[in-house]
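User: Hi, could you walk me through a structure I have to look at for class? I'd like to start with one residue and then see what else turns up.
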Amino acid sequence: MISPVDDFLPVRLKAVHDIAVKGADNLPSRRIIDVGSDHGHLSLYALVHDNFESAVLTDIHEAPAKRSEDTLRMYGYADRSKVYCTDGLDGVGLKTGDIVVMAGLGGNNMIDILGRVVKRDEPELLKSIVWCLQPQKSSDKLREYLFTSGFDITDENACEDRGINYIILKTVYTGVPHEFTLKQKYYGPVLLQRAASGEEDAVRYKSRLDERFAIAQRGDEEIKRMMEEQ
Ligand SMILES: C[S@@+](CC[C@H](N)C(=O)[O-])C[C@H]1O[C@@H](n2cnc3c(N)ncnc32)[C@H](O)[C@@H]1O
């Protein structure tokens, strides 16, 4: 019999989960933090399927925070999870080697949340955290923020769920800002590599962006310059 926790993540959230937990066994913390948890399904899935000891869930609104709490309690994970009704990670202490997921939030919202954490926490702690981000929009601005604020994009993928394309990226703080090309900002540095080596999801995603940018460049100087980059 299939248990309800086996088969309930939509394609997008399953793709977020898969990239988030890749390599997680090597991290010292066995904790996943889900910012903007809403229903709490991602954390529940990770507690059931992966080797996490605990989950922290945050949501800025009371109703989704309550939904998260109900989900974890209903499946018997109340004692291994903690839900906060808060903005981003305000009031939530990070631990060395935590995995922090933000999925379904806008890129600007993610920039605000990351910016507050970078100001708040010591660089050594920040360097140990793995961030898995699935921005609903403004992925270009988010990448620019990451490049210029000392984050490296270590992994990136695209998925399609019910006709909508999503990107998911993994990033780690190094404290060292770096140069980037406009193509890396708009397409994603790892996605470009994946597309160049013929990976199906990345190729499909890139060709959708090619079409979008071919039109957008008519009214956007930066996109026009990006299209002219070699
Ligand atoms: C579109 S839902 C995504 C839910 C889930 N992460 C997913 O990907 O299916 C976005 C959730 O993030 C919450 N949210 C938005 N901004 C937030 C913030 N600054 N801090 C914490 N939660 C936030 C919203 O209340 C909402 O429940």
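User: Is Asp161 buried or exposed?
Analyst: Asp161 is buried, with a relative accessible area of 6%, where buried means under 20%, exposed over 50% and partly exposed in between, using a 1.4 Å probe and protein chains only. This is a predicted model, in which local features need pLDDT of at least 70 and side-chain atom pairs count only at pLDDT 80 or more, while totals for chains, interfaces and linings use all residues. Residues are numbered from 1 along each chain as its sequence is written, and side-chain values use heavy atoms, leaving out hydrogens and water.
User: Ok, and which residues does Asp161 touch?
Analyst: Not counting residues up to four places away in sequence, Asp161 touches Pro10, Val11, Arg12 and Tyr166, a contact being heavy atoms within 4.5 Å. For Arg12, the backbone nitrogen lies 3.0 Å from a polar atom of the Asp161 side chain.
User: New topic: how many residues are in the largest nonpolar core?
Analyst: That core has 40 residues, and Trp131 is one of those with the most contacts inside it; a nonpolar core is a set of buried Ala, Val, Leu, Ile, Met, Phe, Trp, Tyr and Cys residues joined through side-chain atoms within 4.5 Å.
User: And where does it lie?
Analyst: Domain 1 (11-179) and domain 2 (181-230) both give residues to this core, so it lies between them; the domain bounds come from an automatic or database domain assignment.
User: What lies apart from it?
Analyst: Another core, of 30 residues, lies apart from it, and Ala15, Ile19, Ile32 and Cys159 are among its residues.

Key: Polar contact = N/O pair within 3.5 Å; in protein donor to acceptor, adjacent residues only side chain to side chain.
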